[in-house]
Number of protein chains: 2
Amino acid sequence: MDGIDRRGVLAGGGALAAAALAARAGAADAKPLRYAIVGLGYYAVNVILPQFANCRSSRVTGLVSGDPAKARRIAAQYGVPERSIYNYQNYDRIADNPDIDAVYVILPNSMHAEYTIRAAKAGKHVLCEKPMSNTAAEAEAMIAACKRAGKKLMIGYRIHFEPNNLNAIRLIREGAIGKLRFIDAEHGFVQGDPSKWRLKKALSGGGSLADMGIYSLQAARYLSGEEPNAVLARTSTDRTDPRFHEVEDLIQWTLAFPSGAVASCMSSYSSAHNHVRATGSSGWLDLDPATSYEGITLRRKTGDRTETVPAPAGPGKTMFAAQLDHLADCVASGREPIVSGEEGLRDMRIIEAIYRSAQTGRTVDL
Amino acid sequence: MDGIDRRGVLAGGGALAAAALAARAGAADAKPLRYAIVGLGYYAVNVILPQFANCRSSRVTGLVSGDPAKARRIAAQYGVPERSIYNYQNYDRIADNPDIDAVYVILPNSMHAEYTIRAAKAGKHVLCEKPMSNTAAEAEAMIAACKRAGKKLMIGYRIHFEPNNLNAIRLIREGAIGKLRFIDAEHGFVQGDPSKWRLKKALSGGGSLADMGIYSLQAARYLSGEEPNAVLARTSTDRTDPRFHEVEDLIQWTLAFPSGAVASCMSSYSSAHNHVRATGSSGWLDLDPATSYEGITLRRKTGDRTETVPAPAGPGKTMFAAQLDHLADCVASGREPIVSGEEGLRDMRIIEAIYRSAQTGRTVDL
């Protein structure tokens, strides 16, 4: 069903980590990948743009924004020339800009499909933020458009470049906790302003699941190295709360995996969570916090002993920089990104099944 | 439906803890309650019997066992006279023994109902180990028998006498984590010998849920202070494993509570778990381990700060002694135990719903 066999990538003892590290070493002399950032919201401006300074093979050479003044200010800060500033109307003209190789789509979820497909048509590679889209159908269209254009499509799953999570994957594959049996994965934060786009279903596609739950879902999949074959789910949302008129607040879902491992995942917009624990027949690994921008800590329990596991060197100076450089390496080498469009599509299909189970109260087989 | 309103007991800011402490203070001069221990397995011999030394109002004055040599040896150790040793055939003759006020049933689960009902008929109060019985119907019969005899029935939920768990309840009721939203409760250990009675369905009534999952279920109920109104569940059991020919290995279930709080509970016989985390709108409380015989630790996170919360004084020297003395106090005062037969019955009804949901793959409303 999918372009790459994710189980194949993940199963063999930290192959993902190894692949990322190898990509780093092998492509040191590759031509830099020149990105246009599409959308200048908080994450783009405050988290991603400063990260180009930590990159080996990535540059920012274009900006796309609906706010010309903001775009000009940021362009000046990062040395982006006036001619490489676009808005959402003239965006397709990036096709004619030889200084832009790729776009990084950091827009509200509902715009991911359109701006990915327009970029592919303009002959540019695409890094697109998670969740990939509002629906699996959109995700399929995005994959098809990039394939047709012969361009790479990568999803912004930064945690696949985070040393502690990569170490947890490696330790589990090496048998550090025996046979994996159970994963608890929790992500959430307390939403404030009800007018945020994330709380408008048409823009976000969903509530805490689309935004934060996808981290829990990803953790369950990359820690197990398996694809779930069944899901059951339950939501808890106070519809009288102005924040939650349109999207779900708390959602819990359980994934069954072919090996017999079970994951209980959840996300919330009314409580703060950032915790993952994987328990096997001989111990557990605990990431607490698991996926925050900094401070991620891995602990390991075997027998009666609990210890903090020091983070090994990661595939880049930061997970953000490693992510940006990974697409550069893939463009240079012709390889598929380890977090491809197909990987994003798998999540979208599971997310649709989670919502279906929550709605019907029944197990949904995958 | 129930004799006491558990929500009433728990709702008002650690009323449970307060009640236990008050019971302790108020009944210091009560006549000691004289127990016969029914069943001399590991828990009775190694955990409970040594605890009488820590009790204020409880004595051991009788033993019931199928192994006369073992019974004589233990009787000598604890000063129990020969005439107060019984076997499972002449057990009903405890009716004629004025030195026995109560029995503590520590037998395989399938025997709880019979030995509770026979004790009630013999005019003795009953402390019965968890799970109360194999079925809700048996639990109802046990309650009816004790009521008919005018005798107390208490279930061996020792955690209701454990200072850290009592403190967690109090803190949640006082709003220490804001509005409770989610509980993760995990209990389990790795089963060894496939011949153990706990792995025989006729004796145990069920697998990890009956034995360890009941701690997760209890934690969800006493931390929320609510009764669940829906459950969905999933099991994962390797039936080719000789340990799991008859009973379930891993089981995960999700409880929805009227307030909107959700609990993900699990138990396992193939991995070790002893962890409970309750997260609210302004922080979390974490018990890790949560319910072990010793070492229970409560942590609290508010804002960016995580701190270990020192255990306050408990209702007895140990949770085991406090449990034994609680029945003594209830007999002296005429009050219902805080962990009554009705409390055990509530768990049995939920356990039956959990198994039903796991079997059908559908949400079961409670």
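Buried here means under 20% relative accessible area, exposed over 50% and partly exposed in between, with a 1.4 Å probe and protein chains only. This is a predicted model, in which local features need pLDDT of at least 70, side-chain atom pairs count only at pLDDT 80 or more, and totals for chains, interfaces and linings use all residues. Residues are numbered from 1 along each chain as its sequence is written, chains are lettered from A and ligands numbered from 1 in the order in which they are written, and side-chain values use heavy atoms, with hydrogens and water left out.

View 1. Helices (H or I, at least four residues) and strands (E, at least two) are DSSP runs numbered from the N terminus, and two strands pair if DSSP finds at least two bridges between them. Strand S2(B), residues 58–64, is mostly covered, with 6 of its 7 residues buried. Strand S1(B), residues 33–38, pairs with S2(B) in the parallel sense over 6 bridges, and within S2(B) the residue opposite B:Ala36 is B:Gly62.

**View 2. The open sheet of chain B and the helix packed on it.** In chain B, 6 strands form an open sheet in the order S3-S2-S1-S4-S5-S6, with parallel pairing. Because S3 and S6 of chain B stand at the edges, each with a single partner strand, one side of each is left without a neighbour in the sheet. Helix H10(B), residues 319–333, packs on the sheet, touching S1, S2, S4, S5 and S6 of chain B, and its direction makes about 130° with that of S1(B). Contact means heavy atoms within 4.5 Å, while axes are lines fitted to C-alpha atoms, for helices over the stretch in contact, and angles run from 0 to 180 degrees between N-to-C directions. S1(B) and strand S4(B), residues 102–105, run parallel and are joined by 4 bridges, with B:Val38 opposite B:Val105.

**View 3. Helix H6 of chain B and its buried residues.** Helix H6(B), residues 136–149, has 14 residues and reaches 20 Å from its first C-alpha to its last, close to the 20 Å expected at 1.5 Å a residue, the expected span being 1.5 Å times one less than the number of residues. Its buried residues include B:Ala139, B:Met142, B:Ile143 and B:Cys146, and the buried residues of H6(B) pack against H5 (112–121), S5 (125–128), S6 (153–155) and H11 (341–360) of chain B. Just after H6(B), B:Gly150 takes a positive phi of about 65°.

**View 4. Strand S7 of chain A between two partners.** All 9 of the 9 residues of S7(A), residues 180–188, are buried, so this strand is largely enclosed by the rest of the structure. S7(A) pairs with strand S11(A), residues 273–280, in the antiparallel sense over 8 bridges, and A:Gly188 has A:His273 as its bridge partner there. With strand S10(A), residues 262–268, S7(A) runs parallel over 7 bridges, and A:Ala185 stands opposite A:Cys265.
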